[in-house]
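Here is a quick tour for anyone opening this structure for the first time. Take a look at the view below, then read on.

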Amino acid sequence: MKEADLPAARRRVRDTLAHREPDRVPIDLGSTSVTGIHVSVVAALREYYGLPRQPVKVYDVSQMLGAVDADLAAAMGVDTWGIPRRRSHYGFVNENWKPWRLNGLEILVGGGFEVDTEPNGDIVIYPQGDRSVPPSGRMPAGGWFFDAIIRQNHFDPDHLDPADNLEEFRPIPDEDLTWNVNWLPEGEASGRAIIAGFGGTGFGDIAIVPAPGLKDPRGIRDITEWYVSLRSRRSYIHAVFEKQCEIALQNLKRIHAAIGNRIDVVYLCGTDFGTQTSAFCSVATFRELWLPYYKAICGWIHAHSGWKCFKHSCGSVERFFESLIEAGFDIINPVQCSAAGMDPVRLKKTYGGRLVFWGGGVDTQKTLAFGTPDQVREEVLNRCEVFAPGGGFVFNPVHNIQAQTPVANVIAMLNAVHEFNGVRHA
């Protein structure tokens, strides 16, 4: 289909990705596991817009992100649509939905979601729904999401085998491939830009290192030990990344053969490199350990598809931008403007023609969560004024909208974007 014949929302995102100024700033809410909305806020938004009351499905049970159905996406003016992952972070398939209550809110979780409540009120979740093995995640009493439980049970520093840290990386199963293909007609019918994350390309992602979806993971599974190994066991890390990259490239070939260019963006990696004030590693370490594999993945995608490459990293990461551009990433998210060195004006001026800023629209740590609607509006309008000129900006908050975020603030955020765009929304 020619660009001119695309539905308005999809063309809007395509223009933005090509650094052409679109008719208005596109909005993403809910297309990925790093641009989503907590299920409690999704439920509240449905009530605000007067949409049918129904339990919200949760595809990402680790972060408890709620599915943004078509009616809610239309009400909010969202321009993106994401293919949900078939398997949850804890290894069970997102099907055979069943009800579960999260702090009194009824939601829907996959049939393999198996949890227990401990005497202190903590909730533990079992990998692949198998209660015969120890739990792999914990939600503190009264909490809103799960954290991984570290299960480094077979660690022998003198006899490490890279294959152990590759257990979760495998050729894509036929049923997962079919899942992605079967979701595409719905995405195309939505008229919105299609985003997909197929997994397997998150090199050293700390959310993946503990392997919460495996029943009895081997290898380096403690987060501290992993970070130490980045310095002390670099040959081991290279061996893991090399094989992971090989598997990922084979999977991408199969996926592209099945779906072609029917998607617009592929979310590749959620590995965080920044903290609020600094970074987890030096640029030199990044270039040694990560750059070769990112180059291989992005290079294949650009050579064989029309997909754009999406990289997520929180924190103070401007120091890595030139390397990320060299690696072939087209998009950076979440653009944490409150972190050191992440001034939006400077970022736009320096990188605005080479990176798409997918996020940065409003601070979720302070302004959206704890500010007033007027403060939210002011920050959103300011960020749009900085990032929007010339394209290259998809509006999204800085990471997922968290539980207990005031709905009035979320509505103020959306209304501010629509105000900037000159579009009236309820």
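First, a word on terms: contact here means heavy atoms within 4.5 Å. Keep in mind, too, that this is a predicted model.

With that in hand, look at helix 4 (residues 174-190) and helix 6 (residues 234-259), which pack at an angle of about 35°. Their axes lie 10 Å apart, and helix 4 passes helix 6 in a right-handed crossing. On the helix 4 side, the residues that meet the partner are Asp174, Leu177, Val181 and Leu184. Helix 6 answers with Arg254, Ile255, Ala258 and Ile259. Sort the residues of this contact by type and you get six nonpolar, two charged and no polar.

## The nonpolar cores

In soluble globular proteins, nonpolar side chains tend to be buried together. Here, the largest nonpolar core has 117 residues. Among those with the most contacts inside it are Met64, Phe113, Trp290 and Phe321. Helix 6 turns up again, giving the most to this core with 11 residues.

Zoom in on Phe321: leaving aside neighbours within four places in sequence, its contacts are Ile332, Met342, Leu347, Tyr351, Leu355 and Phe357. There's also a second, separate core of 12 residues, including Val13, Val34, Val265 and Ile331.

## A look at Ile223

Is Ile223 buried or partly exposed? Its relative accessible area is 27%, so Ile223 counts as partly exposed. You'll find Ile223 in helix 5 (residues 223-232).

Not counting residues up to four places away in sequence, Ile223 touches Ile150, Ile206 and Pro210. Ile150 sits 73 residues from Ile223 along the chain, yet their C-alpha atoms are separated by 7.9 Å.

Conventions
Residues are numbered from 1 along each chain as its sequence is written. This is a predicted model: local features need pLDDT of at least 70, side-chain atom pairs count only at pLDDT 80 or more; totals for chains, interfaces and linings use all residues. Side-chain values use heavy atoms; hydrogens and water are left out. Axes are lines fitted to C-alpha atoms, for helices over the stretch in contact, and angles run from 0 to 180 degrees between N-to-C directions. Helices (H or I, at least four residues) and strands (E, at least two) are DSSP runs, numbered from the N terminus. A crossing is left-handed if the near helix is turned anticlockwise from the far one by less than a right angle, and right-handed if clockwise. Ala, Val, Leu, Ile, Met, Phe, Trp, Tyr, Cys and Pro count as nonpolar, Asp, Glu, Lys and Arg as charged, and the others, Gly among them, as polar. A nonpolar core is a set of buried Ala, Val, Leu, Ile, Met, Phe, Trp, Tyr and Cys residues joined through side-chain atoms within 4.5 Å. Buried means under 20% relative accessible area, exposed over 50%, partly exposed in between (1.4 Å probe, protein chains only).
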